[in-house]
Amino acid sequence: MKIIDPHIHLFDLLKGKYHWLKPQNPPFWPDKALIRHDFSQDDLALGLAGELTGFVHLEAGFDNEQPYREIEWLEQHVKGPFKSIAHLALDRPLAQVEQHLVKLLEYTSVVGVRHLLDEQAVEILSQQRVRDSLNLIAQKQLIFETQISGLDDKAVEQLTDVANRFPQLTIILSHGCFCPNNKSGVDHWQRNIERLAQCQNIFIKASGWEMVARDYQTDGVARVVSTLVASFGVTRVMFASNFPLCLFSAGYDDLWTKYQNLGLNEQTWQALSFSNAQRIYRF
């Protein structure tokens with residue numbers, strides 16, 4: 001079975017900055033040392049799970065001041081089909097944002113940009129300069145990637161407003177918006193997932209399970225995937241790995257084998273593991 005992984009990170013610690021990976025900087029995960037070394041595409045080995053035919057590289061803090069440097073490094077080192085999502089700080093002056101976009105569009109792998117919103121989502125998305133930057137991204141037909149908590153009602157409200165204001169902007173959310181483990185939290189998360197899914201230009205990745213709980217269980221993954229597909233439909237959900245952070249809980253091939261063993265029918269599996277990513281990221 002063919003697989004396109006739409007969310008991986010590769011590291012070259014000698015060439016990139018990666019401030020977040022340094023032990024003195026947040027996040028202060030006790031197991032962060034597990035991923036604090038180089039990763040190349042050779043580490044993306046699949047066995048029983050299928051054949052990796054392409055991937056999407058998400059910016060990993062290589063150089064946030066000069067985001068093109070990470071793309072340049074990738075295009076020099078990656079062999080085979082891949083797409084890249086570059087870092088872009090949306091809250092910079094619009095002229096600077098446009099300058100970065102013009103530079104990034106010189107690289108053939110670039111299909112979008114990312115600004116992690118997280119707990120700052122409301123503060124950032126409420127700024128007019130950020131709205132102007134998002135409009136510019138839409139005009140240049142680039143994808144906007146981010147992540148928010150499914151428990152953050154105000155962030156969901158702001159993001160759905162952005163999606164409705166700029167219907168031509170493709171928005172992709174990572175890690176299923178971090179579904180919690182407790183029932184009241186799950187119910188809250190599901191209500192917001194349904195709100196987000198009403199915007200036809202919002203897509204979502206089923207990934208990042210280790211970011212909620214290192215000891216996550218497969219039945220929890222199955223419930224989240226079922227909710228995402230029921231809300232967004234089969235064509236707007238993608239399986240992804242979050243490699244190498246997935247290694248906090250499972251090996252790369254093990255994770256994709258877990259996905260394969262969720263019992264999805266062939267059409268849904270093909271959509272979530274390959275064809276949606278192929279279409280959305282323009283392979």
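Helices (H or I, at least four residues) and strands (E, at least two) are DSSP runs, numbered from the N terminus. The model is a predicted one, so that local features need pLDDT of at least 70 and side-chain atom pairs count only at pLDDT 80 or more, while totals for chains, interfaces and linings use all residues. Residues are numbered from 1 along each chain as its sequence is written, and side-chain values use heavy atoms, with hydrogens and water left out.

**Pockets and a cavity**

Rolling a probe the size of a water molecule over the atoms shows where empty space is left. On a 1 Å grid over the protein atoms alone, a cavity is a set of points where a 1.4 Å probe fits but cannot get out, whereas a pocket is an open set with protein on both sides within 12 Å along at least five of seven lines; lining residues have an atom within 4 Å of a point. Grid points are joined across faces, edges and corners, and a volume is the space filled by probe spheres set on the points. For the linings, Ala, Val, Leu, Ile, Met, Phe, Trp, Tyr, Cys and Pro count as nonpolar, Asp, Glu, Lys and Arg as charged, and the others, Gly among them, as polar.

| Space | Volume | Lining by class |
|---|---|---|
| Largest pocket | about 1100 Å³ | 15 nonpolar, 13 polar, 12 charged |
| Second largest pocket | about 360 Å³ | 11 nonpolar, eight polar, three charged |
| Largest cavity | about 40 Å³ | three nonpolar, three polar, one charged |

The largest pocket is lined by 40 residues, and those nearest its centre are Trp 20, Arg 114, Leu 116, Asp 118 and Gln 147. For the second largest pocket, with about 360 Å³ of space, 22 residues form the lining, and Cys 179, Pro 180, Asn 181, Gly 220 and Val 224 are the closest to its centre. Helices H6 (183-197), H7 (209-212) and H8 (218-232) are the elements that give two or more residues to this second lining. H8 gives the most to the lining of the second largest pocket, with six residues.

The count of cavities of 30 Å³ or more comes to one. Asn 64, Pro 67, His 87, Leu 88, Ala 89, Arg 92 and His 100 line the largest cavity.

Trp 20 sits in the loop between strand E1 (2-8) and strand E2 (51-58). Leaving aside neighbours within four places in sequence, Trp 20 is in contact (heavy atoms within 4.5 Å) with residues including Phe 11, Pro 26, Pro 27, Trp 29 and Leu 245. Pro 26 and Pro 27 are themselves joined by a cis peptide bond, with omega about 5 degrees. Another cis bond runs from Phe 243 to Pro 244, with omega near 0 degrees.

Asp 118 belongs to the loop between E4 and H3 and has a positive phi of about 45 degrees although it is not a glycine. At a relative accessible area of 25%, Asp 118 is partly exposed; buried means under 20%, exposed over 50%, and partly exposed in between (1.4 Å probe, protein chains only).

In soluble globular proteins, nonpolar side chains tend to be buried together. A nonpolar core is a set of buried Ala, Val, Leu, Ile, Met, Phe, Trp, Tyr and Cys residues joined through side-chain atoms within 4.5 Å. Among the 82 residues of the largest such core, Leu 134 and Ile 148 touch the most other members. H8 supplies the largest share of this core, six residues.

Leu 134 is one of the buried residues of H4, which also include Val 130, Leu 136 and Ile 137. Beyond four places away in sequence, Leu 134 touches Leu 90, Leu 125, Phe 144, Val 162, Phe 166 and Leu 169. Cover for the buried residues of H4 includes helix H2 (94-104), strand E4 (110-114), helix H3 (121-125), strand E5 (143-146) and helix H5 (153-165).

Just after H4, Gln 141 takes a positive phi of about 60 degrees.
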